[in-house]
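User: I am new to this structure and would like to know how its descriptions are reached. Please take me through the terms one at a time.

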Amino acid sequence: MKEEDLHQSKDPASLQLWMTGLMRPEMSCTSCQDNVLLRPLHGRVWKMNSLSPEVALSRISPELRPLLCSVVRNGRVGLDSSSCLRITDLKSGCTSLVPGPCCDRFKLHIPYAGETLKWDIIFNAKDPELPPDFIFGEDADFQPEPSELPHLASWDAGKPECLLQLVKELLQQYHQYQCQRLRDSSRLLFEYDSLLEDPNYGRSMEIYAGLKNSWTGEFSARFLLKLPVDFSNIPIYLLKDTALDPGEDVALLSVSFEDAEATQVFPKLYLSPSIEHALGGSSALHIPAFPSGGCLIDYVPQVCQLLTNKVQYVIQGYHKRREYIAAFLSHFGMGVVEYDAVGFTKLTLLLMWKDFCFLVHVDLPLYFPRDQPTLTFQSIYHFTSSGQLYSQVQKSYPYSPRWDGNEMAKRAKAYFKSFIPQFQEGAFANGKL
Amino acid sequence: MGRLVYSACAKDCGLGAYVSIMAASISGYTFSSVCYHSANSNSDHEGFLLGEVRQEETLSISDSHIGSSEFLNVIEVHNHEPCTQLFSFYDYAGNINEENLNRILKDRRKNVIGWYRFRRNTQQQMSFREQVIHKQLTHILGIPDLVFLLFSFISTANSSTHALEYVLFRPNRNKYNQRISLSIPNLGNTSQQEYKVSSVPNTSKNYASVIKEHGTEFFDKDGVMKDIRAIFQVYSALQERVQAVCCEVDQSERVKEKIQEEVNKLKKEIALRKRNSAEEERRLQEAAVVMLPDNSALPDSSHSSLTQVMLSGPSVEPSLERPVNSSSPPIYSTTLPPDSPSAILLPRPQAVGSPGHPSPSLGLGNGDGSSSDSLNRQATGQEDQEDDEDSSEYENLVSEQLQPPSLTETVLLGRPATLWPDGDAHSPPGS
């Protein structure tokens with residue numbers, strides 16, 4: 001979406017909301033009631049039946065609003081931090097005679113282990129200093145220990161982050177509760193214990209247990225693991241290209257066990273949008289199927305390594321491209337017209353051979369040097385019938401990925417000399433001045 | 001009282017089984033009082049339920065079991081104690097302060113059977129803090145069957161419809177979703193049901209003092225209303241009289257029955273004597289006509305004379321001689337044959353001229369001079385000697401047309417078979 005698509009709103013508040021990406025698409029601008037297409041937050045489009053955070057906040061009792069702001073705007077809990085906490089079903093505990101806004105109870109949607117927990121949070125608008133109460137939805141057996149909830153015992157309504165911290169503490173106990181439920185299956189308990197022992201995975205794991213397979217009615221569970229892959233060295237340019245707010249770079253591996261004996265296992269890899277783009281899209285990375293009779297402690301490192309290799313390859317490719325461009329700059333000097341100084345993916349040269357001037361466009365692929373750069377020779381004199389400059393693309397020429405940048409530049413120079421006569425003839429023959 | 005939907009435990013002891021069931025009841029005024037307090041609060045509201053738990057045992061015997069016992073635990077809510085504000089007896093973490101609890105309950109602590117909470121627009125499910133508090137209350141108050149009554153007030157978005165929902169929970173062993181049905185007597189269509197008196201005792205002190213002061217006018221020393229005793233005495237007296245009357249009626253009925261039997265008996269005698277005297281009279285007349293033509297002193301009103309019958313006295317053989325110049329009608333003493341069925345053995349009179357059969361006797365005898373046989377003949381109409389038809393027609397005709405009306409009953413009861421002159425006994429037709 002381009003900048004000029006944005007309606008020139010005179011309302012700074014709505015503009016600010018756009019900047020933070022919190023306004024819902026197709027929401028009317030508050031100042032002039034025009035429909036504005038805005039960026040969805042984190043690449044996720046709001047569903048038509050859910051409340052945007054700002055609308056929800058406007059209905060909350062004013063005394064409780066700061067607590068909810070913290071949850072809605074900064075509320076990233078769990079491994080899937082790209083998904084925000086969401087509130088719905090706002091209701092009031094006051095009589096209908098009390099004028100609004102006075103909503104003081106709502107449902108909080110929390111992403112967890114691939115599921116969405118729906119917890120009821122109950123405040124009292126007439127006593128906003130009191131801590132809330134919770135109803136844990138379908139998890140009626142979840143009974144957290146109050147003594148392990150410090151933000152509940154020392155509740156301070158004056159601290160806006162108090163509710164968010166309390167929710168995180170509850171989630172920690174919820175995680176323990178779900179792990180306890182794995183005891184129904186010794187096989188799955190083994191999977192959990194083995195992962196727990198590994199510090200790479202044990203601390204970044206969410207488990208949702210006790211699912212019933214809709215077909216067989218068997219006990220099932222889902223493991224969500226955050227893969228310890230270092231994405232920090234991915235060049236910044238790869239991330240900037242996304243049209244979306246990048247958020248945190250994370251790779252999550254979800255493994256669903258549809259039966260207690262682990263005979264039906266379905267893995268899935270989730271990448272944050274920036275990483276997905278950096279690696280070349282969703283089709284660029286395929287993880288292997290879960291081996292029959294295998295276990296997570298063997299499979300997860302395998303996937304991790306695959307992803308790491310891919311990332312390393314991408315990083316190396318960046319450096320290799322930079323080296324290539326540097327070498328060409330060195331060899332061709334003033335012949336370089338322009339080059340991509342951020343991603344080092346393009347280079348354009350203006351060369352002359354026997355008074356014949358021509359352009360050479362070099363396109364370096366994502367998986368350079370494994371993939372060969374594309375050379376596009378372009379005449380500056382001749383046009384094709386469609387009005388474009390006459391050009392020829394060369395994808396196969398002497399090349400080896402093992403050459404360093406200097407060698408590639410030298411070899412390219414040699415190739416130019418050998419190919420240009422042929423190109424010139426073609427330009428004269430097929431192009432027109 | 002609503003019966004239960006929750007069965008606490010059932011055991012098979014081999015010989016029988018016992019089931020423990022729980023039910024709950026709350027009086028209408030207590031329920032409305034709780035609702036009133038709750039609905040008037042601008043936030044969530046809570047308090048305690050006061051009452052008692054009764055246990056009833058029902059022993060039933062059926063063909064399948066030797067015996068089974070059913071224990072019904074009835075939780076009765078008599079009253080409630082609202083809390084003035086939230087967190088009045090517990091802190092933010094849900095830890096109960098027993099001192100505050102006692103200050104709220106005072107001397108009614110022993111009457112606590114549960115507690116309640118009112119919250120608008122929330123699910124009918126115990127919340128996290130409610131579970132924490134309930135667990136502690138169960139322990140502190142020492143009530144293992146502590147119940148929790150949850151009120152939810154659900155309103156539509158435009159506030160046009162409001163629904164008050166209530167659920168009674170009876171948590172057990174960390175299971176906080178077990179519910180008990182709560183009944184409210186007389187909350188319903190009383191036009192279809194009988195108005196029930198609540199078993200909830202009246203705990204009002206004023207009421208108790210008034211009853212104590214004026215009670216002696218209505219109640220005796222045993223606490224039973226005096227009127228009831230008086231009515232019961234009247235009832236007993238009436239019962240006795242009725243019993244006595246029954247006996248008298250029984251006796252009188254028996255006497256009446258005996259008298260009736262005698263009357264019937266005598267009627268039969270009368271009828272027989274009438275018939276016999278009529279026959280005698282007729283024979284005498286005929287004999288007089290044949291033998292003595294000038295002797296026409298026939299007794300007049302023979303018919304009427306024949307009707308005079310002596311009801312008592314020994315049987316007398318009828319005289320063969322006709323009375324001469326007799327102004328008083330002859331008195332015949334009739335005697336019923338000692339054995340009526342003996343008439344069965346009498347020879348059946350035959351029609352005149354019927355071949356193979358002895359001629360019917362014209363007189364009272366049957367030809368051999370005996371006269372007693374004629375008296376013993378049953379009035380089956382078979383003595384009609386003027387019929388010249390054959391024997392079967394004669395028998396039928398006589399039997400159907402000429403039988404005396406007074407002896408009809410006897411005929412219908414069973415016409416005995418008559419003995420043919422040939423010695424065979426034949427049943428009359430139609431018997």
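Analyst: What follows is a set of questions on terms and the values behind them. This is a predicted model, in which local features need pLDDT of at least 70 and side-chain atom pairs count only at pLDDT 80 or more, while totals for chains, interfaces and linings use all residues. Residues are numbered from 1 along each chain as its sequence is written, chains are lettered from A and ligands numbered from 1 in the order in which they are written, and side-chain values use heavy atoms, leaving out hydrogens and water.

User: Why is Gln131(B) called buried?

Analyst: Buried means under 20% relative accessible area, exposed over 50%, and partly exposed in between, with a 1.4 Å probe and protein chains only. Gln131(B) has 9% relative accessibility, so it counts as buried. The residue lies in helix α3 of chain B, residues 128-141; helices are DSSP runs of H or I with at least four residues, strands are runs of E with at least two, and both are numbered from the N terminus.

User: Which residues does Gln131(B) touch?

Analyst: Contact means heavy atoms within 4.5 Å. Not counting residues up to four places away in sequence, Gln131(B) touches Ala140(A), Gln143(A), Met126(B) and Tyr176(B).

User: How do you know that the buried residues of α2(B) line one face of the helix?

Analyst: In α2(B), residues 98-105, the buried residues are Asn100(B), Leu101(B), Ile104(B) and Leu105(B). Seen down the helix axis, they fall within an arc of 125°, so they line one face. The arc is that of the directions from the helix axis to the C-beta atoms. Glu99(B) and Arg103(B), on the other side of α2(B), are exposed.

User: What caps the N-terminal end of α2(B)?

Analyst: Asn97(B) does, with a side-chain oxygen 3.0 Å from the backbone nitrogen of Glu99(B). Just after α2(B), Lys106(B) takes a positive phi of about 55°.

User: What makes a nonpolar core?

Analyst: The term means a set of buried Ala, Val, Leu, Ile, Met, Phe, Trp, Tyr and Cys residues joined through side-chain atoms within 4.5 Å. The largest has 44 residues, and those with the most contacts inside it include Phe106(A), Leu108(A) and Trp119(A). α5(A) gives the most to this core, with 9 residues.

User: How many helices and strands are in chain B, and what share of its residues is buried?

Analyst: Chain B has 9 helices and 11 strands. Of its 431 residues, 36% are buried.

Terms used:
A polar contact is a pair of N or O atoms within 3.5 Å; within protein, one must be able to donate a hydrogen and the other to accept it, and residues adjacent in sequence count only if both atoms are side-chain atoms.
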